Amino acid sequence: MKEQWIKDLSSIVNPQDFKIDEPLKNYTMTMLGGKADLFVMPSTEEEAAEVVKYAHQNNVPIFLLGNGSNMVIRDGGIRGIVLNFSKLDEIRIDGTIVYAQAGALIKDVSKAAAAKSLTGLEFSCGIPGSIGGAMAMNAGAYGGEINDVIVSCKVLTQEGKILDLSQEQLELGYRKSIIAQEGYYALSSIFELKKGDQVTIDETIADLTFKRESKQPLEYPSAGSVFKRPPGYFAGKLIQDSGMQGKGVGGAEVSTKHAGFIINKGDATATDYIDTIHMVQKAVKEKFGVDLETEVKIVGEDLPTDNK
Ligand SMILES: Cc1cc2nc3c(=O)[nH]c(=O)nc-3n(C[C@H](O)[C@H](O)[C@H](O)COP(=O)(O)OP(=O)(O)OC[C@H]3O[C@@H](n4cnc5c(N)ncnc54)[C@H](O)[C@@H]3O)c2cc1C
């Protein structure tokens, strides 16, 4: 079956745009994850649509991996196609309107906007995701979120049809969107910013960068904040007060710098990371009766038992 997929995909994308049995740990910020049967990076939106249509018509499983900054991929990897839009990374600015393709990094878009004295995307200057991932997650930080500045987003449906969704139709909420809910594939976004004062914009970015670097364990691979904020609480504080910092399984550990982060000390497996997540959830539930829901997406297959 895989041989057939390879043959068929060769007529849709260039040979250099797809890889076979590609280790996904090279594409995730936790540096975890087994192999993708097929890792496909379309060079154009038309190719992306063709890949999605092909997968739909032939029942090939498909998973869209952005910049891998909010992902834990299990050690057995992902079957079928892993689609990645990193080659769709155009950023264009016209007056106060910013256009960005899904594979552009949001921090690059933030930087490009700041360079044109545009204000509104400063909050995202240190978020390590792609525009597509930020749209799906309604990424936010320091009081700002995608929903504040988005005008519209072009998406592909699972059948490969193109839709143009307005801000309202995107139904952006706390770390959620219609994109994630319906399994759409974001292709590009349009943001509207405001003309701002260059000095203030630069100072805000410097201040947020300082806050992030001083509070987050950026020297280690991680998926950022692992848990969503439970209503009425802060996940990090609950974890800290449960005495979980510095604890973990195998090479994974609850950061001593930021309790909401679980780091890969270098030799963690995805199983270690996921077991550490469960350990934290159990400790917080026992101590405070609060259920911590994961913000990170956990996908893929475990290794077969005899391979563990
Ligand atoms: C050090 C660190 C700090 C972080 N700080 C923040 C923060 O301040 N605020 C915040 O909100 N997040 C933060 N994150 C989490 C992460 O950067 C965001 O959630 C980001 O939006 C994920 O984007 P991504 O491209 O990496 O997506 P991935 O991690 O690759 O994917 C996440 C989800 O989005 C989906 N997805 C990806 N691309 C698309 C697309 N084109 N169309 C549809 N769905 C898509 C994936 O299928 C998956 O379900 C941080 C992470 C790290 C490692």
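Colleague: How many salt bridges does the count come to?

Modeller: The count comes to 17 salt bridges. Keep in mind that this is a predicted model.

Colleague: Which residue does Arg79 form a salt bridge with?

Modeller: Asp37. The closest N and O atoms are 3.1 Å apart. The pair links distant parts of the chain, 42 residues apart. Arg79 sits in strand E5, residues 78-83. Asp37 sits in strand E2, residues 35-40.

Colleague: Is Asp37 buried or exposed?

Modeller: Asp37 is buried, because its relative accessibility is 10% and the cut-off for buried is under 20%. Arg79 has 30% relative accessibility, so Arg79 counts as partly exposed.

Colleague: Which residues are linked with Asp37 and Arg79 in a network of salt bridges?

Modeller: Glu301. Asp37, Arg79 and Glu301 are linked in that network.

Colleague: Next pair. What does the side chain of Asp302 meet in a salt bridge?

Modeller: The side chain of Arg74, at 3.9 Å, N to O.

Colleague: What about Arg175 and Glu295, how many Å from N to O?

Modeller: 3.6 Å, N to O, in a salt bridge between their side chains. This pair also links distant parts of the chain, 120 residues apart. Arg175 is in the loop between strand E12 (162-166) and helix H5 (178-182). Glu295 is in the loop between helix H8 (270-288) and E18.

Colleague: Buried or exposed, for Arg175?

Modeller: Buried, with a relative accessible area of 14%. Glu295 is buried as well, at 13%.

Colleague: Change of topic. Where is Ile97 found?

Modeller: In strand E7, residues 97-101. Ile97 has 31% relative accessibility, so it counts as partly exposed.

Colleague: What does Ile97 touch, not counting residues up to four places away in sequence?

Modeller: Arg92, Ile190, Phe191 and Glu192.

Colleague: Last one. How many Å apart in space are Ile97 and Gly246?

Modeller: 45 Å, C-alpha to C-alpha. In sequence, Ile97 and Gly246 are 149 residues apart.

Methods
Residues are numbered from 1 along each chain as its sequence is written. This is a predicted model: local features need pLDDT of at least 70, side-chain atom pairs count only at pLDDT 80 or more; totals for chains, interfaces and linings use all residues. Side-chain values use heavy atoms; hydrogens and water are left out. Helices (H or I, at least four residues) and strands (E, at least two) are DSSP runs, numbered from the N terminus. Buried means under 20% relative accessible area, exposed over 50%, partly exposed in between (1.4 Å probe, protein chains only). Contact means heavy atoms within 4.5 Å. A salt bridge is a side-chain nitrogen of Lys or Arg within 4 Å of a carboxyl oxygen of Asp or Glu.
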